[in-house]
Amino acid sequence: MKGPDGTLIWKTHRIARIASSEQDIYFCVVRVSDAQDMSHYEGKCRAQYVLPSDGEEDSVELLWKNFITGFPLPAFWKDNQRRFRGVNQKFLDFYDFDSVQELLDSTDEDMNWHVHPEPFERDEHDVLEKGITIRDVPGQCLARGVQRNILATKWPVYDVQGNIAGLMGYFVSAEALAHVQQQSHEALFVDRVTRLANVKGLLFLLAQYLDEYRFGHRNFVAVFIRIRAIDRLLRRYGEEACNELLGCIADEIRRIVGPVGASGRFDRNQFLVFSQYTSQEEVRDLGQRLRTGIEAIHSFGQRSCTLFVEMHMAYPQDQSDFYEDIIAALLGRWKKKS
């Protein structure tokens, strides 16, 4: 059990249920654990968490070495005076150190890598003196001559008596976190072949355009595009080559639509474009440019092709047909309308 100063006191709890016809009653006895209790507990923990070792090296040491080597973020551990006792390779790479010897027995302040060291020092004192864990605390540090934004996590390290002997922690740079978030976003909303929006991404875009239509009173059109030749070319050249062609088509759609619209793929050979407009002339021009641009693609790589575009346009003003078209398209049941 953790005391007010963060110290751990090992205690043994024994609970017995006393039978009663009216309600359940429990009898609890708590006492400070003795050496026999601790030995029994340690044996159970080792059996549960530690792999049996067939070699000469103890498996606890083996697991620790593998864990700290493979841990994907900069990690460190310090003594109870906040002096570095060890770091992993990711930490050395982040700060461009050759060896842990360059910072061993130093504090953050000794290393001069915080323009404002007080928040870091205060957090570490809380960990060491109160036994608390801090998670994802934002801050800045100097690395390779540049100030970097990081999120730091730290927790206390206990000795066998339950006293706080130091702290461990890791951090993630804001840049790395942004990269992960971007990857997660792309995995959810971006089609991996064309780099346009996928079905989920199109639904998200549709919601945005509908909000602007309803509350901002800005008209938009949904342009459905089908290219039947894709199925034939898939049978002739295979999936990898077909994906190359789809990438060329997506690039052309992206170029034509530009920054004033959004586009995505909702089936192998079907695309959807959203674009706001102020006149029907703009819509007709967009449709013509999309058709002309896609049908102008006659080769991809070393292969030739002839493409024909089927196109249908839907407007939210015609609510019945508009929502029917959207749902049918995303379910793969869109049919060309005359």
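Colleague: Which strands and which helix do the buried residues of helix 5 pack against?

Modeller: In this predicted model, the buried residues of helix 5 pack against strand 3 (75-79), helix 4 (108-111), strand 5 (134-143), strand 6 (146-158) and strand 7 (164-173). Those buried residues are F120, D123, E124, V127 and L128.

Colleague: How do you know that the buried residues of helix 5 line one face of the helix?

Modeller: Seen down the axis of helix 5, its buried residues fall within an arc of 130 degrees, so they line one face.

Colleague: What makes the span of helix 5 close to the one expected?

Modeller: Helix 5 has 13 residues, and 1.5 Å a residue gives an expected 18 Å. From its first C-alpha to its last, helix 5 reaches 17 Å. Helix 5 is followed by G131, whose phi is positive, near 70 degrees.

Colleague: Why is strand 7 called largely enclosed?

Modeller: Eight of the ten residues of strand 7 are buried, so the rest of the structure largely encloses it.

Colleague: How do you know that strand 6 and strand 7 pair?

Modeller: Pairing needs at least two bridges, and strand 6 and strand 7 have nine, in the antiparallel sense. P156, for one, has L167 in strand 7 as its bridge partner. The hairpin of these strands has five residues between them, and G162 there takes a positive phi near 90 degrees.

Colleague: What joins strand 3 to strand 7?

Modeller: Five bridges join them, and the two strands run antiparallel. One of the pairs is A75 with Y170 of strand 7.

Colleague: Why is C242 called buried, and what is C28 called?

Modeller: Buried means under 20% relative accessible area. C242 has 3%, so C242 is buried. C28 has 43%; over 50% would be exposed, so C28 counts as partly exposed.

Colleague: How do you know that C242 is in no disulfide?

Modeller: A disulfide needs two cysteine sulfur atoms within 2.5 Å. For C242 the nearest cysteine sulfur, that of C305, is 10 Å away, and C242 is in no disulfide. The structure as a whole holds zero disulfides.

Colleague: Which residues of the largest nonpolar core touch the most other members?

Modeller: Of its 31 residues, these are I225, L245, I249, I253, L290 and L307. Helix 9 gives the largest share of this core, nine residues. Apart from this core lies another, of 21 residues, among them V87, W113, L128 and I150.

Colleague: What is L307 in contact with, leaving aside neighbours within four places in sequence?

Modeller: The contacts of L307 are I227, A229, L233, L245, I249, I294, E295 and I297.

Conventions
Residues numbered from 1 in each chain as written. Predicted model: local features only at pLDDT ≥ 70, side-chain atom pairs only at ≥ 80, totals over all residues. Heavy atoms only, no water. Core = buried A, V, L, I, M, F, W, Y, C linked by side-chain atoms within 4.5 Å. Buried < 20%, exposed > 50% of the residue type's maximum accessible area, 1.4 Å probe, protein only. Helix = DSSP H or I, 4+ residues; strand = E, 2+ residues; numbered from the N terminus. Contact = heavy atoms within 4.5 Å. Expected span 1.5 Å × (residues − 1). Arc of directions from axis to C-beta.
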